[in-house]
Amino acid sequence: PQTIYLKDYTPPAYLVDSVHLTFKLAPTTTRVIARIAFRPNPQAQSREFFLHGEQLRLISAAIDGQPVTPDVTPTGLTCAVPNTPFIFESEVEISPQTNTALEGLYMSNGMYCTQCEAEGFRKITYYPDRPDVMAVFTVRIEGDLPVLLSNGNPVAKGEGWAEWHDPWPKPAYLFALVGGNLVNHADSFTTMEGRDVALNIWVRPGDDEHKCAFGMGALKASMKWDEDVYGRAYDLDIFNIVAVDDFNMGAMENKGLNIFNSSAVLASAETATDANFERIEAIIAHEYFHNWTGNRITCRDWFQLCLKEGLTVFRDQQFTGDMRGHAAKRIDDAVVLRAHQFREDGGPLAHPVRPASFVEINNFYTVTVYEKGAEIIGMLKRLVGDDGYKKALDLYFDRHDGDAATIEDWLRVFEDATGRDLTQFALWYAQAGTPRVTVTDAFDNGNYQLTLTQMTPPTPGQPEKAAMHIPVAVGLLDNAGKEIVPTRILELTEPVQTFTFEGLAGKPVASILRGFSAPVILDHTQTNAQRAFLLAHDTDPFNRWDAGRALAQDVLHDMVRDDKVPDAAFFDGLAAVLRDDRLDPAFRALVLGLPSQDDTAQALVDAGQTPDPTAIFQAHEALGLQIAQHLQDTLPRIYAQMAVTGPYTPDAKSAGKRALGNRVLALMSKIDGGRQAAAQYAEADNMTQQLAALGALLNIGKGLDELTAFETQWQHDRLVMDKWFGLQVTCAGPENTANVAARLTAHPAFTMKNPNRFRAVFGALKANAAGFHDPSGASYDLLADWLIKLDALNPQTTARMVTSFDTWKRYDTNRQDKMRAALGRIAGTPSLSRDTTEMVTRILG
Ligand code: HT7
Ligand code: ZN
């Protein structure tokens, strides 16, 4: 397969002014008639006329009304064209019903829908399918279906047809079409510019109709927030969201017609957990925010993906912080970043936030591009301050509205708005790997010196790393826990740098990397007593939580390595936080959550050891039991205090209480034989309480009756059944995990055509670290068998899931050999997709 390089970018040979598309929908014989107004691009370096096109049957083509016979290959067509503006017309036939890759135009449960990002439009018609070609689209849809939708504003409709016009020039990846028997949950919003916007969430008639209200509220809150915080108003008369069951990712920001995985929009108290509600709110916001950061200003090429994704994730994180509290949100984001992005950045799949090359762009929708991309924006904001950030963003929207922009454009805006030189900072986009910052300190005669040393490890293709520009937020506390130096940003730019704080009465306790001010690994050797002190006193909530986390990680490390009994400081610190009624329950729930088993494995790797997932599992189980025993007098009291009365609402305050109550329930179950969990299951009137109770029971080897009852109760609901599938694999014991997963694949409701169902089973298989890495290799084999089958249907999801093997080099030879064999078997599959081939090749290194 061909590798594409950022350095090879050239402007498009022809630009498109307008496109008229006619769709005659039919399951296996949809006709697409395109009329495209081209003109030569004055900036072009060549005059070659090439249109992308894949899996299309060309019926006819014409230029300025004259029939032509283009040269057609499996990837597109070429043709002789005039040197002046011209009209290219084509008619092609495609087969949505047999499109199982869920890219281009496909069918999901009788509904026609599209997914064009990144390069799916070329499976719909011949077109210059690249984001720097932006055009005004008019679309006519003909089909015997009650609802026919496309981008922009509705123009006209009749029995079996509808026409849409999108006045905003857009790249083809933002094109969308939906056709089906749908009902809408309708509302409206008046923008700050006085535009009345019709809002709709479309679902299939039936069970899902009452699950749209929360999503609609989130949409309206997002629209208002983007006006209030960024001064950005919506720019069409209608905004449609459609829920689709078969979808490769969470959702897609098509202009005026967002298409959502039904799991990312539908929610009711009975069927969705608090975590589901929060995710839905964030995804709706994210896709809506793309209207400005992604659609109005798009990317010049796919190497610039982080331009829209990093910024839009940063914006949705700000939004969630404003809606639900910044402290818990920052902790949640750091947990995700460390668990997934640091893992990616430290392994064979490490790549820069702006990659320099790719084979298949779908493989670069990664936590690095999205989450590390968002962290870069956060660092920029920290460096230039809130006012500087606002000025820079205003300038970005002013200067680049309507553009297909680059990271250079983005950084230039910050330089021009604030006068800062961001040359060194730009390395964050180019250098892969997580920087490690080591801390040493000294105190002498009232002066406290902090020495920070930075090192970024080698990553594939990047053996040498330059020093980065890292904002390190630091505060100092005295021995009584009083803050004596409030948070200030130290700018680390050299490999080694010393910062001095003068005029202190005694040696302070330093709280470093407050608010997780940069996506780095902090190497700060501290005693358990110092960590317990910060857990009790730090005024920065992130560092307070992180001190507890580091303490727990050290305890687990010692248990795995030496079978050591945990330090009393650990239990005392936990108990103090748990009992402190002044603290937000959501925060207490986060402190009570142990690091994941995979986090412990990574901590052992960082300490130069080979992790044994079985031993880690046993240490986690043992520690959970000891915590429960130490806190047994307190737990029932806290559990009772956390009861939420009245009808369920998904607001942050109630969700925080449920989160703490359910953490406590999981601990209580370890010592009460599941009595309380069984009672909670029986009484639950919402999915948060029902699922947590079921999980607590399954985790102690009980709950089989409840599991059966749950299936009977929810067999009609796809999204709830995904939970039923996933939970069984998550809670299975290590030796049993592969069997449980295999048994579930034989269940009549299992299908690999639905990515949500496939991920429910196999995402959970990977997440059950001890079960996935059971030394028998049974889980590796099972996953490889299924990925081989899935690749023939859906390469994009297969390639994403094959990353389950990306840590293979961490483990002992037995596990390494077995994972390598599984990867080899996948790699050796005849006709393996380009997506999966690229990933397996990179994982094997
Ligand atoms: N911009 C979108 C990314 C995307 C995608 C979404 C659904 C299916 C396939 C997809 N490929 C790429 C979603 C987002 O980041 O908002
Ligand atoms: Zn996005």
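Let me begin with the ligand, where 13 residues surround ligand 1, and the closest of them are Gln-115, Glu-117, Asn-248, Met-249 and Met-252. If we ask which elements give two or more residues to this shell, they are strand 20, covering 251–252, and helix 2, covering 274–289.

The mean pLDDT of the protein is 98, and 100% of its residues reach 70 or more, while for the complex the predictor gives an ipTM of 0.98 and a pTM of 0.99. As a caution for reading any such model, where pLDDT is low, the predicted coordinates should not be read in detail.

Glu-117 is joined to Ala-118 by a cis peptide bond, with omega at about -5°. Ala-118 itself is found in the loop that runs between strand 11, residues 111–115, and strand 12, residues 135–142. In the loop between strand 10, which spans 104–108, and strand 11, we find Asn-109, whose phi is near 50°, a positive value in a residue other than glycine.

Next, a pair of helices. Two packed helices are described by the angle between their axes and the distance between the axes. For helix 11, residues 585–592, and helix 15, residues 652–672, the axes come within 7 Å and cross at roughly 35°, and the crossing is left-handed. Which residues meet there? On the side of helix 11 they are Pro-585, Ala-586, Arg-588, Ala-589 and Leu-592, and on the side of helix 15 they are Ala-652, Gly-656, Lys-657, Ala-659, Leu-660 and Arg-663. Taken together, the residues of this contact divide into seven nonpolar, one polar and three charged.

Finally, let us step back to the domains. The protein is divided into domain 1, which covers 1–180, and domain 2, which is written as 587–644 + 666–844. Their C-alpha centres lie 41 Å apart, and the contact between them takes five residues from domain 1 and eight residues from domain 2. On the side of domain 1 that touches domain 2, the residues divide into three nonpolar, one polar and one charged.

Notes. Residues numbered from 1 in each chain as written. Chains lettered and ligands numbered in written order. Predicted model: local features only at pLDDT ≥ 70, side-chain atom pairs only at ≥ 80, totals over all residues. Near = placed C-beta within 6 Å. Helix = DSSP H or I, 4+ residues; strand = E, 2+ residues; numbered from the N terminus. Axes fitted to C-alpha atoms, helices over the stretch in contact; angles between N-to-C directions. Left-handed = near helix turned anticlockwise from the far one by under 90°. Contact = placed C-beta atoms within 7 Å. Nonpolar A, V, L, I, M, F, W, Y, C, P; charged D, E, K, R; others polar. Domains from an automatic or database assignment. pLDDT = per-residue confidence, 0-100.
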